[in-house]
Amino acid sequence: MKPQDILLNEIIQLTSRRWLHLQEYQSKKLMSNNGMRVQRFFVADTVNEALEAAKRLNAKEIVLKAQILAGGRGKGIFNSGLKGGVHLTKDPNVVGQPAKQMIGYNLATKQTPKEGVKVNKVMVAEAFDISRETYLPQRGVDIEEVAASNPELIFKEQVDIFEGIKDSQAQQMAENLGFVGPLKSQAADQLTKVYNLFLKIDATQVEVNPFGETPEGQIVCFDAKINFDDNAEFLQKDIFAMDDKSENEPIENEAAKYDLKYIGLDGNIACFVNGARLTMATCDIIFLNGGKPANFLDLGGGVKEVQVYQAFKLLRADPKVEAILVNIFGGIVNCAIIANGIAKACWELELKVPLVVWLEGTNVQETQKILNNSGLPITSAIDLEDAAKKAVASVAKN
């Protein structure tokens, strides 16, 4: 794999953070509201609430689970010293001790940054014994790897999206997963509801992990993960209103207020671009010319002057930024709007770092006049390659 491929892959993975990922308790609430069987649970954000919830459950056994958007919680470690983000007990009165070491502390797992992620909420749920587990999909293994090594473990059903899943298909899938007798019908019913939920809420993924049975003969969705693409937001406003932004970087949340897509990277050359693909290309070409991008900043298509100003404000606040590269293709956006926003931001924010600008498209001649007459130390570029070279060179001089 080439270095630029690695960088591009890194950015693509990072941009997936734009997608809505629900916390486990939120996913389970959606599933429960749509007829799927999950454990009874409460959510708490204080130790006292966790204790009260444990008592209200009146369950034989209780499970306390830290709520973060990462897997591997059971084997994670808190910076409070507590080991494990999942704890079981039969005594509701002792729930407070692990809750005290969870809430407000960082939990580090294999899927979090090294410093971990702060836990703001815990789920207090009824714990069930599991006599047998299955997975939708197979747990903990890359699907391609399973397909190559154990293809018999993967079962597929082609569903006509207009007809929906048929009972015969659900029954067959339940049988494939090893459910027999009355459990087979239960499993088929739950599988049908999983599919219907997937369509109803415009999800990109509904994962049940594990999908198992209890010794008492119940089929239960023991864990849940539901993801959404941003394009579903206008259809699913209530669901997107559940978005828990507490795990985002503060700068990402600030950018979102102005419809800016911002992701911090490790470099020192800020990218100021309109369009996600163009932003990725800009990051790549900076890398290829010996530099490192400091961020992924996508202004989108319908750019307004206030967005340009706020974008510069965000970049100026990042101590890593030693230069800014502006790459705007004015197709549906007027380049003059960008130029006016740049000039205003540079004057009012007293921008101190080198600024390299390449603009192309609608009103580009007027744009050049605005920038040339601004009196600002702006370096113009003739194309993206030239812009990247000049941005990298400006950092090398500092």
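**A walk from a buried leucine to a domain interface**

Let's start at Leu299, which sits in the loop between β15 (295-298) and α11 (305-317); helices (H or I, at least four residues) and strands (E, at least two) are DSSP runs numbered from the N terminus. This is a predicted model, in which local features need pLDDT of at least 70 and side-chain atom pairs count only at pLDDT 80 or more, while totals for chains, interfaces and linings use all residues. Residues are numbered from 1 along each chain as its sequence is written, and side-chain values use heavy atoms, with hydrogens and water left out.

Leu299 counts as buried because its relative accessibility is 2%; buried means under 20% relative accessible area, exposed over 50%, and partly exposed in between (1.4 Å probe, protein chains only). Leaving aside residues up to four places away in sequence, Leu299 touches Asp259, Leu260, Phe272, Val273, Asn274, Gln307 and Val308, where contact means heavy atoms within 4.5 Å.

Now step back to the whole chain. There is a domain 1 (12-38 + 129-247), a domain 2 (40-127) and a domain 3 (250-394), with bounds that come from an automatic or database domain assignment. Over C-alpha atoms, the centres of domain 1 and domain 2 are 23 Å apart.

How do these two domains meet, and how many residues are in contact? On the domain 1 side 12 residues touch 14 residues of domain 2. About 1,100 Å² is buried between domain 1 and domain 2, with carbon and sulfur atoms giving 52%; buried area is the accessible area (1.4 Å probe) that two parts lose on being put together, summed over both. In domain 1, Glu24, Tyr25 and Glu247 lose the most area to domain 2, together 51% of what that side buries.

The rule finds four salt bridges across this interface of domain 1 and domain 2, each being a side-chain nitrogen of Lys or Arg within 4 Å of a carboxyl oxygen of Asp or Glu. Asp223 also forms a salt bridge with Lys65, with the closest N and O atoms 3.8 Å apart. Helix α2 (residues 24-33) gives four residues, the largest share of the side of domain 1 that touches domain 2.

Asn209 and Pro210 are joined by a cis peptide bond with omega about 10°, and Pro210 lies in strand β10 (residues 205-213). Asn58 is not a glycine, yet has a positive phi of about 50°; this residue is in the loop between α3 (47-57) and β3 (62-66). Asn58 counts as exposed because its relative accessible area is 68%.
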